[in-house]
Amino acid sequence: MPFSERANKSNLLGKSLEELRALAVSLGEPAYRGGQLYHAFYAEKRFDVATMANLPAGFRQKLLDTTRVALPKFLRKYPSADGTVRYVLAIDAPDDFSSNAETTIETVFMPEENRQTICISTQAGCAVDCGFCLTATLGLIRNISAGEMLGQVLVALEDHRAALKPRTNIVLMGQGEPLLNYDAVMAALRILMDPKGMAISPKHVTLSTSGIIPGIERLAQETIRPKLAISLNASNDEQRNTIMPINRKYPLETLLDACRRYPLRTWEHLTIEYVLLGGFNDSPEDARRVARLLANIHVKVNLIPWNPGNLPYQPPDADRIEEFRRTLTEKDVPAFVRYSRGQDVMAACGQLALIESGGAQALAQISV
Ligand code: SF4
């Protein structure tokens, strides 16, 4: 679609049931026609309005004249030996459509025995500036809309349509800090978790944050919300300040207070992510401090050995990883070692930065 045409047509993907019903009324149709669109897009995953025979021809034409249904544009995919696929997708130009440039984002599909997990980006780039993360080197390019988040899931599902497992997990661990794009993230999640929408159980959706406390408190008020993961990565403030500058604004004590106050559902625990950086945060003393920090909080800790990258950290030794896990477990803090998937195609969970310049690519990645 030419840029000028695209700029004039609003994207229906990402619109809620209420918004689609209001749109139908604004175009002279009964509100339930909006419900038909909602069902077609999210439950049936059909996007070609012209072929929706259950809609009157006049309504279809009005929709085609004034709106569009735009999925992210598939640019490239990188399949890993372990079945993981990293997608590079193009989304529209920055919000004001002031340029015709497109922004790229990354999405990762990870097949498992009885399910698939899709890791989506919530921002293009990120402003949080974690020192161990290459996405941070991009800075914040722009927020991603609800439709662009749903679009990432839909593109990955469609590409695997022939071999999908019965269950889909969604993790918000790609580029960006989800709680700094709160409204769009929640708009996408409401559709994703709506039994009449994309029908993914809240038990199978996880939002990961660097510790944005106002966002955590807001999420706590939501009736329907995903599971919450906190990216901890340090055992004291001094250490965390070094690798996560956000800790100066929301230090450990206030972050862990927010975790203690967080209203867990009966089936739920908080997930704590801890990237093990060799020689930096992986000592037995670190493990003991982490156990003390997390005492009396209902958590499960994922220990993620850091993968070599273009940043000044080292992968942890295997015996340190095991000692760290054992120390936590012995102190009644359940801990598991999670090795990143798709490392051979730079697809490790969450921390992705694809830097493109004049058609040449420099790929860089670390894992969180
Ligand atoms: S780790 Fe997450 S929050 Fe931190 S800079 Fe990277 S993408 Fe942003």
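Reply: Helix α11 passes helix α12 in a right-handed crossing, a term used when the near helix is turned clockwise from the far one by less than a right angle. The model is predicted: local features need pLDDT of at least 70, side-chain atom pairs count only at pLDDT 80 or more, and totals for chains, interfaces and linings use all residues. Residues are numbered from 1 along each chain as its sequence is written. Helices (H or I, at least four residues) and strands (E, at least two) are DSSP runs, numbered from the N terminus.

The axes of α11 (residues 284-294) and α12 (residues 318-330) come within 9 Å and cross at roughly 30°. Axes are lines fitted to C-alpha atoms, for helices over the stretch in contact, with angles from 0 to 180 degrees between N-to-C directions. The crossing angle therefore makes α11 roughly parallel to α12 (angles under 35 degrees).

On the α11 side, the contact is made by Pro284, Ala287, Arg288, Val290 and Ala291; α12 contributes Glu323, Phe324, Thr327 and Leu328. Contact requires C-beta atoms, placed from the backbone, within 7 Å. These residues divide into 6 nonpolar, 1 polar and 2 charged (Ala, Val, Leu, Ile, Met, Phe, Trp, Tyr, Cys and Pro count as nonpolar, Asp, Glu, Lys and Arg as charged, the others, Gly among them, as polar).

As for the sheet, it is open, with 10 strands in the order β3-β4-β5-β6-β9-β10-β11-β12-β13-β14 and mixed pairing; strands pair if DSSP finds at least two bridges between them. Its edge strands are β3 (73-79) and β14 (335-337).

Key:
Parallel < 35°, antiparallel > 145°, perpendicular 65-115°, else oblique. Contact = placed C-beta atoms within 7 Å.
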